[in-house]
Amino acid sequence: MADRYQQFTKSPVGKFVVPKLGLPNPATLRRYKPGQPALEGPALLGAAPGGRLEKVIEAQLHRAGIDVISTAADNHAALVFDATGVKDPKQLREVYNFFHPVIRSVGSSGRVVILGTPPELAEGHERIAQRALEGFVRSVGKELKRGATAQLVYVAEGAEEATESTLRFLLSSKSAFVDAQVIRVGTETKTASAPADWAKPLDGKVALVTGASRGIGAAIAEVLGRDGAHVVALDIPAQGADLSKVANKVGGSALQLDITAADAPEKLAEYLTTRHGGVDIVVHNAGITRDKTLGNMTEGGWDSVISVNLASQLAVNEKLLSGKVLHENGRIIGVSSIAGIAGNVGQTNYATSKAGVIGMVNVGAPTLAEYGGTINAVAPGFIETKMTAAVPLFIREAGRRLSSLGQGGLPVDVAETIAWYANPASAAVNGNVVRVCGQALLGA
């Protein structure tokens, strides 16, 4: 659904009225198009003394075609700072010294990225100082204007070379609606490998996308197909016509299956094995809502949401892993929700299921690491879909505006984040839940 208010702000009348009245003025976000340069200007790179990432980052950014500078210019498309050398709260002054003179130079849809050491892997004053970076990044995210975003990436010692896919994603327009997130890159690097072609990183991979007939699921199928994967688009038989359209559009396969059926995991495993020799990427996108306040909620409304949004996913995971249908180095990606983090009136069932998806990631990460794979999740905020178009007007407008970016996201924003998880170079990104919400104030 079109954001009519945002359209108004870009009209001649809106351009005159909006600033006069001090109304929200959401920026037009730069989104990815094939062939687009990684950044529309230079990236200023700095580091605290003793940092262990600066040289590695510089090489990675050069490979991505980014103009890296070490002396401030008038305008910057990105500011990147290696804070791994910060061992004591007093050294947080290094962060201030780097960003203070140049923070106003960040351009439209610009990027701020800080890299640190995971606090849980540090001790004493270093742990305190590294944890403090989260507050800095989340505040910077709220201060940046014109669609710019800020992120914090914690990189474990030994994972320095495994940051390239994450940096490419966060600095590019693929992360347009990801803001003020904390991402961890671990040491599961033995299976990380750069794709032969960064424009087709999933070439030769088979990806399963559930709930693929429309909305976010269709966007996921399209983006994974764009990146080279053969997409198996799955949905219930009632969505068969729309499902076929999506599968045909991305050059994939359509599979009509109710994933809540008792025999669904077995049928799915057999299909993927016989037709494709297994699967590399599993995206659990299928989800439903049956909204009622708890006192008015029926048993059926509770059970159906838990079954589709959580229980069926666990059953599929267990079958694909135990049967070795999911290839080594495989990816499992869940779709949680801001509701699973902050809760929501009338959605006790939905929020429970989506919080459960986060639990699935927590429990599954060590198991997938042993398997050579990863499990992560996205947590979308307000995304422009048919479902959110049905939300009452004032609630819908609040959902759009109550974020740092002041607008709703698009299904492609969720899809791009999932494609980053699926990238073979993201093998050290495991156990993360990244919000795709424009730094929504809800649950922040």
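A serine and its surroundings

Guide: A polar atom of the Ser353 side chain lies 2.7 Å from the backbone oxygen of Tyr350. That is a polar contact (N or O atoms within 3.5 Å, one able to donate a hydrogen and the other to accept it; residues adjacent in sequence count only if both atoms are side-chain atoms). The model is predicted: local features need pLDDT of at least 70 and side-chain atom pairs 80 or more, while totals for chains, interfaces and linings use all residues. Numbering starts from 1 along each chain as its sequence is written, and side-chain values use heavy atoms, without hydrogens or water.

Ser353 sits in helix H12, residues 348-370. Helices (H or I, at least four residues) and strands (E, at least two) are DSSP runs, numbered from the N terminus. Ser353 counts as buried because its relative accessibility is 0%; the limit is under 20%, with a 1.4 Å probe and protein chains only. Beyond four places in sequence, Ser353 touches Val305, Ile306, Asn309 and Leu310. Touching means heavy atoms within 4.5 Å.

Now the sheet. It is open, with 7 strands in the order S9-S8-S7-S10-S11-S12-S13, paired in parallel. Pairing takes at least two DSSP bridges. S9 (253-256) and S13 (433-436) are the edges; each has a single partner strand, so one side of each has no neighbour in the sheet. Neighbouring strands are turned by 20° against each other on average, direction ignored. Axes are lines fitted to C-alpha atoms, for helices over the stretch in contact, and angles between N-to-C directions run from 0 to 180 degrees.

S12 (374-380) runs parallel to S13, joined by 4 bridges. Val378 faces Val434 in S13. Helix H10 (299-322) packs on this sheet. H10 touches S10 (279-284) and S11 (326-335), and its direction makes about 170° with that of S10.

Last, the cores. The largest nonpolar core has 64 residues, and Leu115 and Leu224 touch the most other members. Such a core is a set of buried Ala, Val, Leu, Ile, Met, Phe, Trp, Tyr and Cys joined through side-chain atoms within 4.5 Å. Past its neighbours within four places in sequence, Leu224 contacts Leu202, Ala207, Val209, Ala229, Val231, Val283, Ala419 and Ala422. Apart from this core lies another, of 30 residues, including Leu255, Leu268, Val279 and Tyr371.

Definitions and conventions:
Buried means under 20% relative accessible area, exposed over 50%, partly exposed in between (1.4 Å probe, protein chains only).
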